[in-house]
Amino acid sequence: MSGYLTGVLVVLAFNVMAAYAVYLPLAAGQLNLGIAGFMAIGAYASAFLTNEYGWPMWAAIPFGSALAGLMGVLIGIPVLRTHGIYLAMATFALGQVISAVFLNLEVVGGAAGYPVSDYATPGVVWAAAAGVVVLMLYVSRTRFALCLTAVKSDPTVADLLGVSVRGMQVAAFALGAAVAGFGGGLYAHHYNFVEAQHFNVLLSVFTVLYVLFGGTQTVWGPLVGAAFFTLVPEVLRASDQWRYAVFAAFIILFMAVRPQGLVTASLLRIFRRRRVTP
Amino acid sequence: MSAALSISGLSKSFAGVRAIRDLSFEVPKGRTTALIGPNGAGKTTVFNLVSGVYGVDAGRITVNGQDVTHMPSRRRISTGVARSFQNIRLMSHLSVLENLLVGQHVRASSLGALLTPYRLIPNHRWKREARAALAESGLGAYADETVSALPYGVRKRIDLVRATLAGASVLMLDEPAAGLNPSETNALRDHLNALAQKGITLLVVEHDMHFVDSICESVVVLNFGEKIAEGPLSEVRRDPKVREAYIGMDGED
Amino acid sequence: MLAQQIVNGLMLGAIYMLVAVAFTLAIGVLNFLNFSLPGLFMVGGMVSFGMMKLGWPWFLAFAVALLAAAFISLLVERLAYRRMQSGDPEVPLVSSLGFLVLLENLVLIQYGSDQQAFPALLPDMNFRFGGLVIGMAQVASLAVSLGLVFWLSRFLAATNAGRRIRTVAESRETALLMGIDIARLVPQLFVASALLAAFAGILFAVNYQQVSPFMGEGIGFKGVAAMIVGGMGSIWGAVLGGLLIGLAEVLSISFLGADVVNITVYGLLLLILILRPQGLLGRPASREKL
């Protein structure tokens, strides 16, 4: 495999993980505009454990992920008291604060960045991303996913049917944070370098954009969205600036025509029925 | 003791306006009762108080002998009380089956149940149960349809099936017949009668007095948040207080 | 030098204030967190810069910039707002973010990513009060911003058009019953908020004599923070929030260092959101739509 292709597919793997980190809370109706902050937590925590304590990567990255998830619970409980715009803004502010904190944390290099001593090969990154996808497919087949959908589409009715709306929301938020932390940890170990500036608002925003483009009604949407966002510009061989401009214009027009995203539940249902009764 | 739902001394104000005043009534177990009254009499507010969407200012609510007055709304379903809304609140982009599965939540909310990949297991018992409940109501053909694609009358009845699957023994229905055509109304009536046959207690808010007459054994009449009469419909409609408050009853015969 | 820092903070706050008012107009009336506004702020500064670079006089350059912002805002209304009453509530917000990204990258393609020097328009004259140094441009922009906001609040309070806008903000149903033509009012509001944002961008360019394709992000997002801190939908809340955020920023730069700004500003926002989500001057929130 050429170095170029490997590079693109590694980026795809990171984008897929980020997409599911955004998707989980979104499936419960929460727009998390601060996902990059949780990636940063996973990245820095795992890099710190590898560098300073000599932890093996396979222990450090899951630990970083768990820490991001834990932060998701701790921060999610107060922040999820807010709804709608307020929640979106709270997560947005959170992302900014987290990345600014790392920017000022001298113990992990501050603004100069933080080199990481252990290396995750492309194979490891792909396997991890595949693992995340499989996990998400599994989760989407459970009652938990059904409860998230119920909480999203009608919290009042979900509550009256006995669903713990707050519990589901915090769980979705924290699991999304954990997935983000996992991707962040791998990112640090694959590129052998972390800098706080990478985990900025635009990273969060782009992720949300392609997840919504893919569609949030089904578990396939984020995968399709991430693949589209990563691969199509490569195929077009567009320059970076044109890539973002064209992508943004495309998303705006696409969402105006099909606000529910590319992959929807009824689309899949039609597809499935055709397969069963040819 | 045989009251499925008992309300005593219930009061509720919104911004100083008293929506419900010292309201007391009982719904006997297994009977179908209508809650009627002019617009703004507080009927839907009673539903909201019993289901816990609003907290009460004063009074006591018991369901099947259990005091639910200060119980969080989420826990009330386990006492057997469920409700419908005036506008149907199903998840419209999901299939009928998935909507019904949410109804089972109260009986499948352990961590193990939440993480069981039921969708990967053909004929999982939850799906079997939901399909059976649908078939029993003559709606079996709709199981895999998307809710938004279904006629209004069918959606109303799917809402009922969902409540039954939640194990509701006391079901509060907010204007179930509103917006239905005659054949849909008949189907709904049969459905409600079948529920009553199974011993489910129904409390129905409804404007259509023919419909009320055809399914309810007794009625409670509200006006300005107060009970002004109760008893069999034929008696209540002769009550002068009711005639005065509720002019609409005169014309409908 | 504390007094000097406070003055500088208030001057910066005046810019945030205008952006916050633009946001608050969109949120309060349309219930739409319009993230294209930071882009329109940038359009205000960058298009002015571009036209002046072509040799146009400043007043025409400003007019072109304001027109461009108004036009783009109508596109946002068409594509991000109007079409999306049916989909998920987060879609309009995210689509407006798409506009921000689009505008930034289009300007970047045209002018490059570097910061550009904006020509000095006002004579380099300073007022001195005791030890305080206050620039002419600063005074002018503070006065103009406050004047504009004051006028806007009078307009909303005392004119028929203002009353119509406030009715829509209170309840769309009531507005419809009263025969208010919402379909006409909405694009007008989009234009108004775009003009405010673009004007703030021009003021920023004149004041700090620098522009870049990304100038909208930092300022625009802090404008959102200012709006929320002050209270969504309240004009005077936006004023208070803008000045507070400006002060917090300048004071934390001078006492704690430039890298800490995001922690103080967004930390303040986060704190307000958790403790008093309706903001300092806002009314308790009903459930919002995104």
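Predicted model: local features only at pLDDT ≥ 70, side-chain atom pairs only at ≥ 80, totals over all residues.

Most of H1(C) is covered, since 22 of its 29 residues are buried.

**The end of H1(C) and two asparagines with positive phi**

Just after H1(C) comes C:Asn31, whose phi is positive at about 60°, although C:Asn31 is not a glycine. C:Asn31 is placed in the loop between H1 and helix H2 (37-53) of chain C. Is C:Asn31 buried or exposed? A residue counts as buried if 20 or more other C-beta atoms lie within 10 Å of its own, and C:Asn31, with 20 other C-beta atoms within 10 Å, is therefore buried.

A positive phi in a residue other than glycine is also found in chain B, where B:Asn64 has a value near 50°. B:Asn64 lies in a loop as well, between strand E4 (58-63) and strand E5 (66-67) of chain B. With 16 C-beta neighbours inside 10 Å, B:Asn64 counts as partly exposed.

**Two further residues and their surroundings**

A:Gly176 belongs to helix H8 of chain A, which covers residues 165-191, and A:Gly176 counts as buried because 27 C-beta neighbours lie inside 10 Å. When its neighbours within four places in sequence are left aside, A:Gly176 is in contact with A:Ala21, A:Val22, A:Leu24, A:Pro25, A:Asn32 and A:Gly72. One of these, A:Asn32, is 144 residues from A:Gly176 in sequence, yet the two C-alpha atoms are 9.1 Å apart in space.

C:Asn126, by contrast, lies in strand E2 (residues 126-129) of chain C, and C:Asn126 is exposed because 12 other C-beta atoms lie within 10 Å. Not counting residues up to four places away in sequence, C:Asn126 touches C:Val133, C:Ile134, C:Gly135 and C:Met136.

| Residue | C-beta atoms within 10 Å | Class |
|---|---|---|
| A:Gly176 | 27 neighbours | buried |
| C:Asn31 | 20 other C-beta atoms | buried |
| B:Asn64 | 16 neighbours | partly exposed |
| C:Asn126 | 12 other C-beta atoms | exposed |

**A helix pair in chain C**

Two packed helices are described by the angle between their axes and the distance between the axes. For helix H3 (residues 58-81) and helix H4 (residues 90-111) of chain C, the axes come within 9 Å and cross at roughly 140°. H3(C) and H4(C) are therefore oblique to each other, and H3(C) passes H4(C) in a right-handed crossing. On the H3(C) side the contact is made by C:Val76, C:Leu79, C:Ala80 and C:Tyr81, and on the H4(C) side by C:Pro92, C:Ser95, C:Ser96 and C:Phe99. Sorted by class, this contact has 6 nonpolar, 2 polar and no charged residues.

**Contacts between chains**

Which chains share the most contacts? Of the 2 pairs of chains in contact, it is chains A and C. Their contact brings 39 residues of chain A together with 42 residues of chain C. On the side of chain A that touches chain C, helix H3 (57-79), helix H4 (84-103), helix H9 (201-214) and helix H11 (240-257) of chain A each supply at least two residues, and H4(A) gives the most, with 13 residues. By class, that side of chain A has 30 nonpolar, 8 polar and 1 charged residues.

The contact of chain B with chain A takes 30 residues from chain B and 23 residues from chain A. Helix H2 (73-76), helix H3 (96-103) and helix H4 (111-114) of chain B each supply at least two residues of the side of chain B that touches chain A, and the largest share, 4 residues, comes from H3(B). This side of chain B has 15 nonpolar, 10 polar and 5 charged residues. Chain B and chain C, finally, do not touch, and their nearest C-alpha atoms are 11 Å apart.

Terms used:
Residues numbered from 1 in each chain as written. Chains lettered and ligands numbered in written order. Contact = placed C-beta atoms within 7 Å. Axes fitted to C-alpha atoms, helices over the stretch in contact; angles between N-to-C directions. Parallel < 35°, antiparallel > 145°, perpendicular 65-115°, else oblique. Left-handed = near helix turned anticlockwise from the far one by under 90°. Nonpolar A, V, L, I, M, F, W, Y, C, P; charged D, E, K, R; others polar.
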